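This report describes selected places in one protein model. Look at the sequence and structure first, then read on.

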Amino acid sequence: MKIAIAQLNYHIGNFEQNVQKMLRAVEEAKQQGANIILFGELAVCGYPPRDFLEFSDFIRSSREAVYRLCAASQDIAIAVGAPTVNPDLNGKDLYNSAYFLYNGQVLHVAHKALLPTYDIFDEYRYFEPAREFHVVNFGGKRIAITICEDIWNLGNANPLYTMCPMDEMMSQSPDFMLNLSASPFHYNQAQERIHTLRENARRYRIPIFYSNGVGAQTELIFDGGSVAMTAFGDVYDEMPYFSEEVRTYQLEDLYHPQPERTQRKEKYELIYKALICGIQDYFKKLGFKKAILGLSGGVDSAITLVLAAHALGAENVLPVLMPSRYSSEHSVNDSLELVKNLGCPHKIIPIEEPFAAFLKTLQPHFEDKAADVTEENIQARVRAIILMALSNKHGSILLNTTNKSEAAVGYGTLYGDLAGGLAVLGDVYKSEIYQLAAYINEHFNQVLPQHILQKAPSAELRPNQKDSDSLPDYAVLDRILYQYIEKRQGISELIEMGFGEDLVKRVMKLVNTNEYKRHQVAPILRVSSKAFGVGRRFPIAAKYFS
């Protein structure tokens, strides 16, 4: 028996495109001699569909897509994910399901049992968990079908759940497992995925075929990395990251130990590729082609420009230099050098005139109060007005260049430098930014000018300003932020780690009192295990740690 894994980039709600893509994959699998082709979780509608699932027309369109795939299942079985209606009125309206189709018939429907409701996931909002588990008989084999999270409660050890679907099916002696997944990327996820699949294979002593999606759905990025795993826990094959592909495997080969075939998992290579994927799909799936951004001469806007140019083509990205009375000459020159290296078009629009006009207009109303952050913010907002005007006029999307450290402590101007349609670096800490820059320069001909990487970070909104005037050193700040945001460590735990009490309290207050800003910024491409946005939900009017 031969099993094909289809690793595809689905588009939420784009049923026609999703079905056409899967039909092409079915034909490719047939040409490769496959008896079964495996697609991903909720493949017909795209993952995560969120509240689209509350529309009956959306469910009807999903069902019609399944019927079209069913008609194409001549001489090949198709395992595909889709929502199904729960006939029991006492439960949730839907199941998260996997269809097993063959020769124009639905041979089996399996429902997902373990519904994650943490971080970015909210599946129990929509779906009823499965309570019955049956293998499907096909081609003389007994097949266990699981859906994504169903394999992440190995041995019923996960305290979030009370049962393990595979434990329930082992009494039926399955010969192998099919797992339909939609597992979002973070830079450690690929390693965790391999570990989980390996432990499942070793526990149940059966081969596993695991299909993951690729592509980005707004802030969520899917890296692929689908796996064929032997019954001994060897990675027979790990499919490419961030690209679509159909590969077919001989089942019998997976009943024997095999040499490991895994890809390297270098953090900043993965982050780079994930951000490229996130930018490309955000533009493509929204129907946009051109981006605009403010280029300041700092490392964040420089890296954002490089990523956008690599993702969209340099000719489709417009960096705008907007020097002020406080901009250093090298900031402009560094920016121009980068633009030349990339071959981008660019504009230089000084902001002195509109800035001075705002000051003149507002001065009578400032009541002779001393200059402070107000004047700094006016500059940032003047720049945002210019960028948004160009964005509107030319039909481009403004890319936000704020990093995770700045987003965490509110070091940015609302309706100013926090403006944009997509936040590219909002899940990358400042200290990680420099590591990402090093990766980019190593692999792309030193495209980033060295002076950008060497100078002290500065917003350049007042004379000789540096980030360190307002914030702790990023090397220290980021360690505290990582423990608080990713590891959920509080004040007492951070103090026990050796951080000073006053510093910890200061940072905690900055993070929590700036929650209102994060509620108003653009979607942030997720590359870590805990990003700002849908996966981190904190109240605004709260006093905890403040």
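Which residues does isoleucine 147 touch, not counting residues up to four places away in sequence? They are Glu41, Asn96, Ser97, Ala98, Ala110, His111, Lys112, Asn179 and Leu180, where contact means heavy atoms within 4.5 Å.

This is a predicted model, in which local features need pLDDT of at least 70, side-chain atom pairs count only at pLDDT 80 or more, and totals for chains, interfaces and linings use all residues. Residues are numbered from 1 along each chain as its sequence is written, and side-chain values use heavy atoms, with hydrogens and water left out.

Isoleucine 147 belongs to strand β7, residues 141–147. Helices (H or I, at least four residues) and strands (E, at least two) are DSSP runs, numbered from the N terminus. Between isoleucine 147 and leucine 178 there are 8.3 Å in space, C-alpha to C-alpha, although they are 31 residues apart in sequence.

The table lists relative accessible areas. Buried means under 20%, exposed over 50%, and partly exposed in between (1.4 Å probe, protein chains only).

| Residue | Relative accessible area | Class |
|---|---|---|
| Isoleucine 147 | 1% | buried |
| Glutamate 238 | 4% | buried |
| Arginine 205 | 53% | exposed |
| Aspartate 368 | 72% | exposed |

Glutamate 238 is part of strand β13, residues 235–238. Its side chain makes a polar contact of 3.0 Å with the side chain of lysine 265. A polar atom of the glutamate 238 side chain also lies 2.8 Å from the backbone nitrogen of glutamine 263. A polar contact is a pair of N or O atoms within 3.5 Å; within protein, one must be able to donate a hydrogen and the other to accept it, and residues adjacent in sequence count only if both atoms are side-chain atoms.

Next come the helices. Helix α8 (residues 352–362) and helix α9 (residues 373–394) have axes that come within 10 Å. Residues Pro354, Phe355, Phe358, Leu359 and Leu362 of α8 meet Glu375, Ile378, Gln379, Val382 and Ile385 of α9.

Some backbone angles remain. Most residues other than glycine have a negative phi, and most peptide bonds are trans. Arginine 205, in the loop between α4 (189–204) and β9 (208–211), has a positive phi near 60 degrees. Aspartate 368 has a positive phi of about 60 degrees and sits in the loop between α8 and α9. Tyrosine 47 and proline 48 are joined by a cis peptide bond, with omega about 0 degrees.

Definitions and conventions: Axes fitted to C-alpha atoms, helices over the stretch in contact; angles between N-to-C directions.
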